[in-house]
Amino acid sequence: MLRLLTLGTLPALLAVGVASAGGTAVAFVALPGRGEVVAVDVGSGDVLRRIEVAKGPQETAAYHDTSRRRDFVLVTSPPAGTVTLVDAFSQRVARVWDDFGAPADVVVEGLRAYVTDNARGRLVVIDLRSRRVVASLPVGPRPRALAVGDLAIVAHDGRESLTLVDLRRRKIAGSLPVGGVVQSISKRPDTADVFVTYRGTGPSRASTGALGGWSSVEPSRGVQATSSRTSTRAIAPGSRTRQVAGYA
């Protein structure tokens, strides 16, 4: 997800998942106001198809299903209480899960999807091979943003800490204060680093955390909401050097 690394520069009305459709890179853009996901050819910018989904689509997550040998995109629709599965090749709805209160964020790790249910305070796990819900874990009130590795790390609306969930034991492993109300969270691929944006009493700040430690830095010029040249450098877990976020 790019939303953490850009610290809020992505427009709120768009959520984008990128998948392959017959060898073509296709972006699937959620349009909450229209109740649809638009498939866009990344190379040409052409709209390939408008896919009707449940009301208020918000977050997307693309993944490759090795058992079916094709790409899919998951879409959350909080107002409708649904998660929709879109086949990236046919660009049609393949499955809908409708037993959610208000699904907020969705992350795919391996062939499991993890969905925060903001209304019910739960982390829901979907096995993407069988396409069945295999777990629903209580994680505290109003969970929203999510990052998944060996642990699931959950951010909550209005809370200045993260909830750590042991996925193997299926229980809460602890919490981690971050110094401000969390806005967004994402795991850096192939590392134990987690990127978090949060709002405290001063300017917006960027932090990077891992199981081995926590560090943060306050940008000297603050966040520019329209900047397209935000850059980030991550430091390996355990290092004493702080992560640096730069703003153009």
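Mentor: Start with contact: heavy atoms within 4.5 Å. Keep in mind that this is a predicted model.

Trainee: Which residues does T84 touch on that basis, beyond four places in sequence?
Mentor: T84 touches V53, A54, V73, L74, V75, V93, R95 and V96. T84 itself is found in strand β7.

Trainee: Why is T84 called buried?
Mentor: Buried means under 20% relative accessible area. T84 has 2% relative accessibility, so T84 counts as buried.

Trainee: Is L111 buried or exposed?
Mentor: The cut-off is under 20%. L111 stands at 9% relative accessibility, so L111 is buried. L111 lies in the loop between β9 and β10.

Trainee: What does L111 touch, leaving aside neighbours within four places in sequence?
Mentor: L111 is in contact with Y63, H64, D65, T66, I126, D127, L128 and R129. As for S130, its C-alpha atom and that of L111 are separated by 9.7 Å, with the two residues 19 apart along the chain.

Trainee: What makes a set of residues a nonpolar core?
Mentor: Its members are buried residues of the listed nonpolar kinds, joined through side-chain atoms within 4.5 Å. The largest such core here has 16 residues. Y63, L74 and L128 have the most contacts inside it.

Trainee: Which strands each supply at least two residues of this core?
Mentor: β5 (60-65), β6 (70-77), β7 (82-87), β9 (103-109), β10 (112-117) and β11 (122-127).

Trainee: And what does L128 touch, not counting residues up to four places away?
Mentor: Y63, D65, R68, L74, V108, L111, R112 and A113.

Trainee: Why is the pair of Y63 and F72 called stacked?
Mentor: Ring centres must lie within 6.5 Å, and planes under 30 degrees apart count as stacked. Y63 and F72 give 5.9 Å centre to centre and 25 degrees between the planes. Both tests are passed, so the pair is stacked. The structure holds 1 aromatic pair. Both Y63 and F72 are buried.

Trainee: How do you know that R131 sits over the face of F72?
Mentor: The distance limit is within 6 Å of the ring centre, with a further limit on the angle to the ring normal. R131 is at 5.0 Å and is assigned to the face of F72.

Trainee: What is the strand order in the open sheet of 4 strands?
Mentor: The order is β13-β14-β15-β16, with antiparallel pairing.

Trainee: Why do β13 and β16 count as edges?
Mentor: β13 (143-148) and β16 (171-177) each have a single partner strand, so one side of each has no neighbour in the sheet. Neighbouring strands of this sheet are turned by 25 degrees on average, direction ignored.

Trainee: How do you know that β13 and β14 pair?
Mentor: Pairing needs at least two bridges. β13 and β14 (residues 151-156) are joined by 4 bridges, so they pair. P143 has H156 as its bridge partner, and V148 has A152. A hairpin joins β13 to β14 through 2 residues.

Trainee: Why is β13 described as largely enclosed?
Mentor: 5 of its 6 residues are buried, so the rest of the structure largely encloses β13.

Trainee: How many bridges hold β15 against β16?
Mentor: β15 (residues 161-166) and β16 pair over 6 bridges, in the antiparallel sense. L162 stands opposite L176 in β16. The β15-β16 hairpin has 4 residues between its strands, and R170 in the turn has a positive phi of about 60 degrees.

Note on methods. Residues numbered from 1 in each chain as written. Predicted model: local features only at pLDDT ≥ 70, side-chain atom pairs only at ≥ 80, totals over all residues. Heavy atoms only, no water. Buried < 20%, exposed > 50% of the residue type's maximum accessible area, 1.4 Å probe, protein only. Axes fitted to C-alpha atoms, helices over the stretch in contact; angles between N-to-C directions. Phe/Tyr/Trp six-rings, centres within 6.5 Å; stacked < 30°, edge-to-face > 60°. Lys NZ or Arg CZ within 6 Å of the ring centre and 35° of its normal.
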